[in-house]
Amino acid sequence: MIKDVSDFKLMPSPIPDSCWYSNLRTVLPKKVWDALRKDAYAKADGRCMICGRPAKRLEAHEDWIYDEENAVQKLGSILALCHDCHSVIHIGRTQLMGDEDRAIKHFCKVNQCSYSDYVRALGFANEKHARLNKVNEWKLDVSLIIELLEGSKD
C-alpha cells in the first residue's frame with residue numbers, strides 16, 4: 001500500500017541551491033553554536049529526535065521553514081539526529097558520498113514503507129527543491145536563536 005508523504009516521520013529536506021554550504025555552525029561563534037547544539041542534545045536525551053533510536057553520537061540539524069510567498073527562510077528548530085536520519089534529510093549530499101542505499105533502507109524502516117514510497121517522497125522533495133530555487137534571494141529569520149539562548153539561561 002502506497003503511503004501519503006505527509007504521513008512520513010522522516011523525509012528528504014531540500015534547501016535552495018543559494019543556501020548550500022551556509023549553516024549556523026559556520027556563521028555563528030563557536031561558543032554560541034556549541035550552546036545551541038548541546039541544548040538540542042540534552043532535549044534528545046541520547047536518542048534521535050526522529051526515529052527515537054539511541055545514538056552514541058548525535059548530529060545537530062538545522063530545520064528550516066521556507067515561506068515561498070514572502071521569500072523568508074526561517075529557522076524552525078535545531079534537532080539532534082542519528083547519522084542515518086541526518087543522511088536521509090540531506091539525501092543529495094548522501095548520494096554524492098555514495099551512501100544512498102543505506103539511507104533508503106533507513107527511510108523505509110523509519111516510515112514503515114516500500115521502496116516505491118521512497119521514490120515518491122524523493123520526487124516530492126525534488127519538486128519542492130525546484131520551487132525553492134525560483135526565489136532569487138531569501139530573507140533570513142533566525143529569531144529562534146535568541147529564544148533558544150534565552151531559554152538555556154533558565
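Setting aside neighbours within four places in sequence, His106 is in contact with Leu10, Cys51, Arg53, Cys82, Asp84, Cys85 and Val88. The model is predicted. His106 sits in helix α5, which spans residues 100-111. Its relative accessible area is 6%, under the 20% limit, so His106 counts as buried.

**Aromatic pairs**

- A search of the whole structure turns up four aromatic pairs.
- In one of them, Tyr66 and Trp138 have ring centres 5.2 Å apart and planes at 70°, so this pair is edge-to-face. The cut-off for that class is an angle over 60 degrees.
- Tyr66 belongs to strand β1 (residues 59-67). Trp138 lies in the loop between α6 (115-132) and β3 (139-141). The pair therefore ties together parts that are 72 residues apart in sequence.
- Tyr66 and Trp138 are both buried.
- Tyr115 and Tyr118 form a tilted aromatic pair, with 6.1 Å from centre to centre and 35° between the planes.
- Both of these tyrosines, Tyr115 and Tyr118, lie in helix α6. They are three residues apart, about one turn of the helix.
- Tyr115 has 53% relative accessibility, over the 50% limit, so Tyr115 counts as exposed.
- Tyr118 has 1% relative accessibility, under the 20% limit, so Tyr118 counts as buried.
- Phe8, Phe107, Tyr115 and Tyr118 are linked into a cluster by ring pairs.

**Largest pocket**

- The volume of the largest pocket is about 1,500 Å³.
- Its lining holds 45 residues. Ile15, Asn23, His86, His90 and Arg93 lie nearest the centre of the largest pocket.
- Several elements each supply at least two lining residues: α1 (24-27), α2 (30-44), β1, α3 (83-89), α4 (91-96) and α6.
- Strand β1 gives the largest share of the lining, seven residues.
- By class, the lining of the largest pocket has 22 nonpolar, 15 polar and eight charged residues.

Terms used: Residues are numbered from 1 along each chain as its sequence is written. This is a predicted model: local features need pLDDT of at least 70, side-chain atom pairs count only at pLDDT 80 or more; totals for chains, interfaces and linings use all residues. Side-chain values use heavy atoms; hydrogens and water are left out. Rings of Phe, Tyr and Trp (its six-membered ring) pair if their centres lie within 6.5 Å; planes under 30 degrees apart count as stacked, over 60 as edge-to-face and the rest as tilted. Helices (H or I, at least four residues) and strands (E, at least two) are DSSP runs, numbered from the N terminus. Buried means under 20% relative accessible area, exposed over 50%, partly exposed in between (1.4 Å probe, protein chains only). Contact means heavy atoms within 4.5 Å. On a 1 Å grid over the protein atoms alone, a cavity is a set of points where a 1.4 Å probe fits but cannot get out, and a pocket is an open set with protein on both sides within 12 Å along at least five of seven lines; lining residues have an atom within 4 Å of a point. Grid points are joined across faces, edges and corners, and a volume is the space filled by probe spheres set on the points. Ala, Val, Leu, Ile, Met, Phe, Trp, Tyr, Cys and Pro count as nonpolar, Asp, Glu, Lys and Arg as charged, and the others, Gly among them, as polar.
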